[in-house]
Amino acid sequence: MNQKSSIFAVFLAILIIQNNGLNAQKQIEEVGIDRSAPNLIVITTDGLRWQEVFNGMDFALANSKKFNHGDSAYIYKKYGSISVKERQAKLLPFITQTMGKNGLLFGNRFNDNKVDVANPHWFSYPGYNEIFTGYPDSAINSNNYPPNPHENVLAFLQKQKAYQNKVIAFGAWDAYNRILNEAASGFPVINGFENVSSILKDPQTKILEQLLKDSYKPFKEAECLDVFTHHQAKYYLETKRPKVMYISYGETDEWAHEGNYSAYLDAAHQVDAWVNELWQWVQSTPGYKDNTYLLITTDHGRGFGEGWTDHGADVKGASSIWFGLMGPEKNSNLTKIAVALKRTMGEQTANQQLYQKQLAATMAKLLGLEFTPAHPVGEAIY
Ligand SMILES: [Zn+2]
């Protein structure tokens with residue numbers, strides 16, 4: 001062996017050793033992922049229709065002068081396309097493309113894949129109650145209903161050793177203290193104009209508090225703009241590392257009630273961008289990466305055509321909703337769901353009927369737990 005080839009041999013040996021080392025490291029990382037007590041992030045955006053999720057911008061509404069202050073050029077440019085796929089990708093890129101490919105997305109009624117609320121009321125408090133308690137109690141019939149008498153799945157998680165004092169909820173609307181019965185549930189619920197600075201004191205939360213206080217209040221004292229809820233929740237997630245977090249956005253419903261179609265689409269688009277941001281953070285942060293489930297859904301549907309602004313038991317179609325799930329890329333419970341339902345990942349195309357009341361038990365099951373409260377509860381979806 002001459003000097004040149006011996007140098008080459010040494011170089012080759014180093015390469016092989018390094019490579020083996022990398023492979024071994026990779027294997028340890030694969031095997032070593034701690035899949036015990038996975039994290040859960042639940043997102044709701046109030047009253048976002050399945051129609052926009054699966055069909056993007058609605059041309060009939062986009063063309064209406066009444067719902068666009070006489071000018072549709074802005075939304076046509078931002079969300080318009082003759083292709084359904086492109087409209088979906090322009091409006092809700094994370095939900096319809098990322099989750100719609102690597103997660104599970106249910107509720108496309110164009111494919112007879114149906115999700116409905118089981119409660120008879122088709123508005124907010126009954127919907128959020130159904131999502132979190134799994135019990136569509138018809139007696140819960142008002143948004144002014146007092147503190148919820150039924151145990152919710154977040155309170156159940158708060159009682160489990162692995163999740164104790166690691167559960168928190170943020171909501172733009174000031175009803176979540178009652179809907180999630182903060183006093184009985186034992187985890188913090190920061191809603192409306194309450195501020196995270198009440199539990200997390202530092203200069204950053206002081207700034208958020210001041211901005212919230214001085215902000216434009218189009219929904220008066222009942223609900224803040226989503227941007228404040230989002231940034232408080234995100235800051236809490238990054239600094240306090242909860243294992244279970246719920247974030248509720250409200251603008252999609254508010255702008256729809258106002259008949260403002262471009263603001264409704266913009267609000268939905270912004271929520272999608274925030275959820276993407278949260279998911280990128282999750283998948284790049286040790287402790288969360290490959291050990292976190294994400295559920296996104298809505299509390300109720302809305303009407304068709306001119307009826308899109310409204311919902312409630314007298315509005316046809318307002319019981320129809322949708323939901324999506326994301327999870328670890330490999331060997332996750334989402335794969336188990338797909339196998340159990342004999343499906344492929346992504347946007348679901350099979351004829352099926354699911355209900356909102358199944359989400360509470362599904363959330364627990366994704367974490368390897370069984371939600372068995374004192375009240376009747378919908379079965380997990382798998
Ligand atoms: Zn609502």
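This report walks through the sheet, the helices packed on it and the nonpolar cores of a predicted model.

## The sheet

Let's start with the strands. Eight of them form an open sheet of 8 strands with mixed pairing, in the order E5-E4-E6-E1-E7-E9-E2-E10. Strands E5 (189–191) and E10 (346–347) are at the edges with a single partner strand each, so one side of each has no neighbour in the sheet.

Further in, E4 (residues 167–171) and E6 (residues 244–249) run parallel and are joined by 5 bridges. Here Ala169 sits opposite Tyr246 in E6.

## Helices on the sheet

Helix H14 lies across E1 (39–45), E6, E7 (292–297) and E9 (323–326), and runs at about 170° to E7. Helix H16 (residues 359–366) also packs on the sheet, where it touches E1, E7 and E9; its direction makes about 165° with that of E7.

H14 has a helix partner too: its axis and that of H6 (residues 93–102) come within 8 Å and cross at roughly 45°. That angle makes H6 oblique to H14. At this contact, Pro93, Phe94 and Ile95 of H6 meet His269, Asp272, Val275, Asn276 and Trp279 of H14. By type, the contact residues are 5 nonpolar, 2 polar and 1 charged.

## The nonpolar cores

The largest nonpolar core holds 57 residues, and Ile43, Ile95, Tyr261, Leu294 and Trp322 touch the most other members. Helix H14 (residues 261–282) gives the most to this core, with 13 residues.

Leu294 is a handy place to look: leaving out residues up to four places away in sequence, Leu294 touches Ile41, Ile43, Phe94, Met99, Val275, Trp279, Gly324, Leu325 and Met326.

Terms used: Residues are numbered from 1 along each chain as its sequence is written. This is a predicted model: local features need pLDDT of at least 70, side-chain atom pairs count only at pLDDT 80 or more; totals for chains, interfaces and linings use all residues. Side-chain values use heavy atoms; hydrogens and water are left out. A nonpolar core is a set of buried Ala, Val, Leu, Ile, Met, Phe, Trp, Tyr and Cys residues joined through side-chain atoms within 4.5 Å. Buried means under 20% relative accessible area, exposed over 50%, partly exposed in between (1.4 Å probe, protein chains only). Helices (H or I, at least four residues) and strands (E, at least two) are DSSP runs, numbered from the N terminus. Contact means heavy atoms within 4.5 Å. Axes are lines fitted to C-alpha atoms, for helices over the stretch in contact, and angles run from 0 to 180 degrees between N-to-C directions. Angles under 35 degrees count as roughly parallel, over 145 as roughly antiparallel, 65 to 115 as roughly perpendicular and the rest as oblique. Ala, Val, Leu, Ile, Met, Phe, Trp, Tyr, Cys and Pro count as nonpolar, Asp, Glu, Lys and Arg as charged, and the others, Gly among them, as polar. Two strands pair if DSSP finds at least two bridges between them.
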